[in-house]
Amino acid sequence: MRLDKFLCKSTELTRIAATQCIELGEVSVNDNVITEARFQVHENNCVVWQGERLVARRSRYIMLHKPVDTLSSNVDGDYPSLFRCIDVDRADDLHIVGRLDADTSGLVLLTDDGRWSFEIIRPEKQCPKTYRVTLRDPISDDVAAKFLVGVQLQNEAQLTAPAELTRVTEKEVLLTITEGKYHQVKRMFAAVGNRVNGLHREQIGSLQLDVELAQWRYLTADEVAKFL
Ligand code: URA
């Protein structure tokens, strides 16, 4: 991790203050004064500031049950930010791993570990996400086959990747997609002449949402490792 980030993760310093301390020559790594904020440090390096060896706080990994009418953003806008559901210190350090629309509910992951979130969202990973979808019109028999082949979304060069659709009732389905295009699920149903009236994310990878509406919990070490 960069030295300025390490300082932020081990002290109360902001990124700007951490950079200043580094540039002023106040920080040493393995007994060498380092004045570049982007200098890379490893966990076992001995980083000293103000005479004390610094230890980075552990990264946090959170599952949240996002309510509708909340924003997947760190700040409030037309609706309150989903961060209002999470009462932890340093909530500002957390970022959202795969946003949901304001009118979508369900599983949202949050972390302060950028490498972990990248492992989940990078396209090559094809991490499956399962949505429970409520439709305006009854689901047609041919839609599952169309989604398996891929459908053409407006303003996209390529067909969507194969997606698995399971019928629950006439107007309710489960859909598993491995991409994360903007409004993807809504646009997929629009592409087959239907409309999404309700959308809820139930699962990411093998991780199933298991907390009540607007509640959150930390992931276990095993759950975190499954995404790596
Ligand atoms: N697809 C959508 O259309 N909206 C979401 O919030 C998530 C997936």
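**Chatting through a three-domain chain**

Colleague: Hi! How is the chain split into domains?
Modeller: The domain assignment gives domain 1 (3–53), domain 2 (61–122 + 207–225) and domain 3 (128–204). Do keep in mind that this is a predicted model.

Colleague: Thanks. How far apart are the centres of domain 1 and domain 3?
Modeller: Their C-alpha centres are 47 Å apart. For the chain, the C-alpha trace spans about 70 × 35 × 35 Å along its principal axes.

Colleague: And how many helices and strands does the chain have?
Modeller: There are six helices and 13 strands.

Colleague: Let's go inside. Which residues touch the most other members of the largest nonpolar core?
Modeller: Those are Leu-110, Val-133, Phe-147, Leu-175, Val-185 and Phe-189, in a core of 31 residues. Two or more residues of this core come from each of β5 (61–66), β7 (104–111), β8 (129–135), α4 (143–149), β10 (172–177), α5 (184–191) and β11 (196–204).

Colleague: Where does this core lie relative to the domains?
Modeller: Between domain 2 (61–122 + 207–225) and domain 3 (128–204), because both of them give residues to this core.

Colleague: What about another core, apart from that one?
Modeller: There is one of 16 residues, and its members include Leu-3, Cys-21, Ile-34 and Ala-37.

Colleague: Back to Phe-147. What does Phe-147 touch?
Modeller: Leaving aside residues up to four places away in sequence, Phe-147 is in contact with Ala-161, Pro-162, Ala-163, Leu-165, Leu-175, Met-188, Phe-189 and Val-192.

Colleague: I also had my eye on Ser-105. Is Ser-105 buried or exposed?
Modeller: Ser-105 has a relative accessible area of 12%. The cut-off for buried is under 20%, so Ser-105 counts as buried. You'll find Ser-105 in strand β7.

Colleague: And which residues does Ser-105 touch?
Modeller: Again skipping residues up to four places away in sequence, Ser-105 touches Lys-66, Pro-67, Val-68, Leu-100, Leu-199, His-200 and Arg-201.

Colleague: Zooming out, how much of the chain is buried?
Modeller: Of its 228 residues, 44% count as buried. The accessible surface is about 12900 Å², with 48% of that belonging to carbon and sulfur atoms.

Colleague: What share of the contacts joins residues 24 or more positions apart?
Modeller: That share is 62%, taken over contacts with a separation of 6 or more.

Technical notes:
Residues are numbered from 1 along each chain as its sequence is written. This is a predicted model: local features need pLDDT of at least 70, side-chain atom pairs count only at pLDDT 80 or more; totals for chains, interfaces and linings use all residues. Side-chain values use heavy atoms; hydrogens and water are left out. Helices (H or I, at least four residues) and strands (E, at least two) are DSSP runs, numbered from the N terminus. Buried means under 20% relative accessible area, exposed over 50%, partly exposed in between (1.4 Å probe, protein chains only). Contact means heavy atoms within 4.5 Å. Accessible areas come from the Shrake-Rupley method with a 1.4 Å probe; for residues, only the protein chains shown count as cover. A nonpolar core is a set of buried Ala, Val, Leu, Ile, Met, Phe, Trp, Tyr and Cys residues joined through side-chain atoms within 4.5 Å. Domain bounds come from an automatic or database domain assignment.
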